[in-house]
Amino acid sequence: MFKRLPFKRIKWPGWVVLILLGIFIVIGIGKWVGDSSAKGVQSKDKAETTIEFKQDTEETDRYTMLINTPVIENSSLAEAIQEWVTNQKETFLSEVKAEKDNLGSGYRAHLTIQVDAKKGANDTTSLIFHSYHLVNKVSGENYVKMFTMNATHERLQLTDLLTNYGETLDAIRSNLKEQLKQNDKIKNDLINQKLNNVLQEPNTWNWLVSETSLIIYMEKSKITENKTGTIEIKIPLEEKRAAQRERSILKSGEKYVALTFDDGPNPDVTPRVLKILKQHDAKATFFMLGSQVEKHPSLAAKVAQDGHEIGNHTDRHINLTKLEKSQLVKEVLNSRQEIEKATGQTPTLIRPPYGEMNSEVEQVAKINGSSLILWSVDSRDWKSKNAKAINEVVLKEVVSGSIILLHDVHPTTAEALPKLITTLKEEGYHFLTVSQLLLTQEKYSAGTDYGKS
Ligand code: ZN
């Protein structure tokens, strides 16, 4: 019953398009593929997927509909999509009916359904539908729906995926709930009853899976009284997958050590440290301050590009045990966001400033899917500021499995480094990142408290 019409025959107010653009930005998913919105009927994605999209339009005196859908052969997924689209149309038509006296004679209601495809990890693709209803209102209603499928276009349910990843649904639920309760943008508007209802129905959630995270897009209207739009929550899945990936590189009977550099990135010292590490083909871990990453994002990105691990040393280097819970969360989250923004890496390690922590710090680390990391050898580089003294302390205290505390903010630390690495190599040590080292010790779990006081 749908007529095929060229796109341009429907007169869209310019601000509808602007609002749609706004929605995509608010949702904040980068790298869209397969966007069929502007090209009319049957646009084919060039890059990663082989999904085709079709566009149906319908117009009457009272309304216009523009509906993009993917051409999917798998019947159960196609049915699920069709069911959702039909439901959107029925809802829209009943809204039109209710407003029928105000529609016509030049003013029409609009329904727009756009779809995009985004590639996830392990050959998954998520189809992301945005439905926009505008019925005689100044601002319309947005609905988001996502379907995730495997390489053969079969629909994946979140519960199947979690089983495959060995994650438990309860752990995901409590993580999701904690993150929402700590999120400044939404925590004061949450309705517990609504939230609990949504949490009970994981197969209705909008989600996709990246290399490191399960990303859930919650419609605010489903968990608050009157907020609209979507909130994105990232739940790290890194641990178990990283564990599988990296276990193979470790050999028993070898000696391993992890160099860690705190308080950077620093424009004078960090590039020197990177250069020395590269010359010796050694990998290290940099516990960065969010406030420093914000000042020197390209330097942080360079550290990541060189293959080093990046940990979170909080935003401003404040003793976390002295902070109110909300401030503590902010210190951790702000820094994590700066690091993600600059490097594309989500840190899975937190080193609390001064090694100070308590049960609240542990809880916040856990919610972030992160391990708390201290050190076992303090080079005291911050105190001696002397290359020879740094070497003496470290070489005296080091054993296999040591995590060595250094700071890439003192030039003397960079000065000490060539000798330190050469000597450790002569003694048979291999250099690992902290995450790799923890695997050798089978202590790799959220909340790990490693090191001596
Ligand atoms: Zn520090």
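Me: Why are R336 and E340 said to form a salt bridge?

Reply: The term applies when a side-chain nitrogen of Lys or Arg is within 4 Å of a carboxyl oxygen of Asp or Glu, and the closest N and O atoms of R336 and E340 are 3.5 Å apart, so the pair meets that definition. In this predicted model, local features need pLDDT of at least 70 and side-chain atom pairs count only at pLDDT 80 or more, whereas totals for chains, interfaces and linings use all residues. Residues are numbered from 1 along each chain as its sequence is written, and side-chain values use heavy atoms, with hydrogens and water left out.

Me: What separates R336 and E340 along helix α11?

Reply: Both belong to helix α11 (residues 325–343), where they are 4 residues apart and therefore separated by about one helical turn. Helices here are DSSP runs of H or I with at least four residues, strands are runs of E with at least two, and both are numbered from the N terminus.

Me: How do you know whether R336 is buried or exposed, and what about E340?

Reply: Buried means under 20% relative accessible area, exposed means over 50%, and partly exposed lies in between, with a 1.4 Å probe and protein chains only. R336 has a relative accessible area of 7% and is therefore buried, and E340, with 17%, is buried as well.

Me: What makes the salt bridge of R380 and E397 a tie between parts of the chain?

Reply: The closest N and O atoms of R380 and E397 are 3.3 Å apart. R380 lies in the loop between β15 (377–378) and α13 (381–384), while E397 lies in helix α14 (residues 387–397), so the pair ties together parts that are 17 residues apart in sequence. R380, at 34% relative accessibility, counts as partly exposed, and so does E397 at 28%.

Me: What places S213 among the buried residues, and which residues is S213 in contact with?

Reply: S213, in strand β8 (residues 213–219), has a relative accessible area of 2% and is therefore buried. Contact means heavy atoms within 4.5 Å, and, leaving aside neighbours within four places in sequence, S213 is in contact with L208, K234, I235, P236 and L237.

Me: How do you know that β4 and β5 pair?

Reply: Two strands pair if DSSP finds at least two bridges between them, and 9 bridges join β4 (residues 125–134) to β5 (residues 141–149), so the two are paired, running antiparallel. Within this pairing, H130 stands opposite V144 in β5.

Me: What makes β5 and β6 a pair?

Reply: β5 and β6 (residues 155–156) are joined in the antiparallel sense over 2 bridges, and T148 stands opposite L156 in β6. Their hairpin has 5 residues between the strands, and H153 there takes a positive phi near 65°.
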